[in-house]
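Here is a short briefing on one protein chain. Please look at the sequence and the structure before reading on.

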Amino acid sequence: MVTDNKSQKIPFHQALTKRAVVFFVTLFVLSESSAVSAGNYGLKIVQKLETTQQNNTHAEAAKLTNEGLQLFKQGTAESLTKAREKWQAALILWEKLEDKSWQAFTLVFIGVTYDNLGEKQKALFYYNQALPLHRAEGDRGGEARIVNNIGAVYSALGEPQKALSFFNQALPLYRAVSDKSGEAT
């Protein structure tokens with residue numbers, strides 16, 4: 001039981017119903033009289049949630065990428081495998097965020113790891129996925145490094161003509177970005 005203003009006892013559900021009606025009428029009047037409607041407010045909440053989720057996804061992808069780099073620096077077969085796993089998880093998040101640049105870098109990181117572990121065909125697979133992304137981003141320096149990496153893999157596989165073809169593609173790219181070290185390589 002609830003007591004109203006006149007000290008009468010009324011059942012709780014009736015009091016709740018009266019309060020609910022008053023609340024919804026007030027909400028309706030306020031939304032009609034102001035520029036902010038419940039629909040607009042809801043849209044802003046959804047946009048804020050999406051931005052927060054994107055920020056969280058970005059932070060997690062960056063964290064995984066950095067953890068992979070730390071593991072890669074250790075240089076052991078076990079740490080390289082763990083680094084690759086971190087980068088594969090990060091790649092999924094970069095793809096979700098549609099961040100082509102970080103997708104490309106992450107694909108290269110994975111390719112380098114496979115290359116260092118002696119899995120040359122898998123390295124080529126990831127380098128070849130990264131190459132069009134670097135091209136689409138207009139990253140000629142990144143493109144040069146990937147083309148050079150592909151050439152190095154073909155050289156290690158005992159295919160000198162293919163290797164030379166890729167090295168010849170990398171050279172003008174390195175020159176275009178004034179990368180003397182890459183050009184010398």
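This is a predicted model: local features need pLDDT of at least 70, side-chain atom pairs count only at pLDDT 80 or more; totals for chains, interfaces and linings use all residues.

The chain contains 8 helices and 2 strands. Its 185 residues are 29% buried.

**Overall make-up**
- Along the sequence, the elements run β-β-α-α-α-α-α-α-α-α.
- Take the contacts between residues at least 6 apart in sequence: 45% of them join residues at least 24 apart.

**Confidence**
- The average pLDDT of the chain is 81, and 72% of the residues reach at least 70.
- Helix H3 (residues 77-97) has the highest mean pLDDT among the elements, at 96.
- Helix H1 (residues 12-33) has the lowest, at 42.
- Residues 10-39 have a pLDDT below 50. Beyond near neighbours in sequence, this stretch makes 15 contacts in the model.

**H3 against H4**
- The axes of H3 and H4 lie 9 Å apart, at an angle of about 160°. H3 is therefore roughly antiparallel to H4, as the angle is over 145 degrees.
- The H3 and H4 crossing is left-handed.
- H3 contributes Leu-80, Arg-84, Trp-87, Gln-88, Leu-91, Trp-94 and Glu-95 to the contact. On the H4 side, the residues include Trp-102, Thr-106, Phe-109, Ile-110 and Thr-113.
- This contact of H3 with H4 is made up of 9 nonpolar, 5 polar and 2 charged residues.

**H4 against H5**
- Helix H4 (residues 100-116) packs on helix H5 (residues 120-137) at an angle of about 160°, with 8 Å between the axes. H4 is therefore roughly antiparallel to H5.
- The crossing of this pair, H4 and H5, is left-handed.
- Among the H4 residues that meet H5 are Phe-105, Val-108, Gly-111, Val-112 and Asp-115. Their H5 partners include Ala-123, Tyr-126, Tyr-127, Ala-130 and Leu-133.
- The contact of H4 with H5 holds 12 nonpolar, 5 polar and 5 charged residues.

**Thr-57**
- Thr-57 sits in helix H2 (residues 38-74).
- Is Thr-57 buried or exposed? Thr-57 is buried, because its relative accessible area of 13% is under 20%.
- Leaving aside residues up to four places away in sequence, Thr-57 touches Leu-93, Lys-96 and Leu-97.

Conventions
Residues are numbered from 1 along each chain as its sequence is written. Side-chain values use heavy atoms; hydrogens and water are left out. Helices (H or I, at least four residues) and strands (E, at least two) are DSSP runs, numbered from the N terminus. Buried means under 20% relative accessible area, exposed over 50%, partly exposed in between (1.4 Å probe, protein chains only). Contact means heavy atoms within 4.5 Å. Axes are lines fitted to C-alpha atoms, for helices over the stretch in contact, and angles run from 0 to 180 degrees between N-to-C directions. Angles under 35 degrees count as roughly parallel, over 145 as roughly antiparallel, 65 to 115 as roughly perpendicular and the rest as oblique. A crossing is left-handed if the near helix is turned anticlockwise from the far one by less than a right angle, and right-handed if clockwise. Ala, Val, Leu, Ile, Met, Phe, Trp, Tyr, Cys and Pro count as nonpolar, Asp, Glu, Lys and Arg as charged, and the others, Gly among them, as polar. pLDDT is the predictor's confidence in each residue, from 0 to 100.
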